[in-house]
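Dear colleague,

I am passing on the structure below, together with some notes on what turned up in it. Please read the notes with the coordinates open beside you.

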Amino acid sequence: LESSFLTQPWASVCFGESTFLAKASFGDTGYILLISDLSGVWYESADAEAVGQRSKELNKRLTVQASSFLHRLRNLMCPLLAGQPDAATCFSCHRTASGLCLHVKSEVSGLPFYWDFYCRPASVEMVSHHLMRPLIRMSLALQYKVQELTSLLLRKDAEIEDYRESGAALSRDRLRTEPFQEETFQQNFMTEVRNSAT
């Protein structure tokens, strides 16, 4: 679970009017869920025994093995994380004294199905491992790509200008582009970043 959880992507999910980032990993022996509103980070890790015990408390009319509950939870959560939640499944969350509770309400074979993820605050190490370090690595990779593309655009502009000076002309005027302005691009990019953060 740990190794597969690290490679799971973050997804944007909405519960009521609140937006969160979440990632999860489900297996036959348990699950791990990590959720954040960028002000706090919460997680829950539960093994098959804990899942079996909680399923008896929340679903007294359902008598199935813990592995079946885990399979059902995976089938409910994966579409949500993929941006395609099941319309028949209701998700809600609320803060508790000990953390965050994510409540799931659905159906199994015509019977109501309930589940509560009891998420407690994540440790600094977990936040760093699953959120901060991947974000920093991605940010650095994107910065490198922007530098690469900027350099490529400037070389392309120099190449086009050389063609023009040699007497070449466009056969279709609609293909004409303005020279790339690196400083203007950087200013517009930073403005968009600031606006998206507010």
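**Strands and hairpin**

Strand S6 (residues 99-108) runs antiparallel to S7, and 9 bridges join the two; one of the bridge pairs is Val104 with Trp115 in S7. Strands here are DSSP runs of E with at least two residues, helices are runs of H or I with at least four, both numbered from the N terminus, and two strands pair if DSSP finds at least two bridges between them. This is a predicted model, in which local features need pLDDT of at least 70 and side-chain atom pairs count only at pLDDT 80 or more, while totals for chains, interfaces and linings use all residues. Residues are numbered from 1 along each chain as its sequence is written, and side-chain values use heavy atoms, with hydrogens and water left out.

The hairpin of S6 and S7 has 2 residues between the strands, and Ser109 takes a positive phi near 50° there. S7 (residues 111-121) also pairs with strand S4 (residues 41-47), in the antiparallel sense over 2 bridges, with Pro121 of S7 as the bridge partner of Trp42.

**Domains**

The domain assignment, which is an automatic or database one, gives domain 1 (6-122) and domain 2 (128-192). Their centres, taken over C-alpha atoms, are separated by 42 Å.

**Salt bridges**

With a salt bridge defined as a side-chain nitrogen of Lys or Arg within 4 Å of a carboxyl oxygen of Asp or Glu, the count comes to 5. In one of them, the closest N and O atoms of Glu44 and Arg54 are 2.6 Å apart; Glu44 lies in strand S4 and Arg54 in helix H2 (residues 48-58), so the pair ties together parts that are 10 residues apart in sequence. Glu44 is buried at 3% relative accessibility, and Arg54 is buried at 12%, where buried means under 20% relative accessible area, exposed over 50% and partly exposed in between (1.4 Å probe, protein chains only).

Another salt bridge joins Lys145 and Glu148 at 3.3 Å between the closest N and O atoms, both residues lying in helix H4 (residues 124-165), 3 residues apart. Lys145 is partly exposed at 47%, as is Glu148 at 35%.

**Cysteines**

The structure holds 0 disulfides (pairs of cysteine sulfur atoms within 2.5 Å). For Cys78, the nearest cysteine sulfur is that of Cys119, 16 Å away. Cys119 is buried at 3% relative accessible area, and its sulfur is 7.8 Å from the closest cysteine sulfur, in Cys101, which is too far for a bond.
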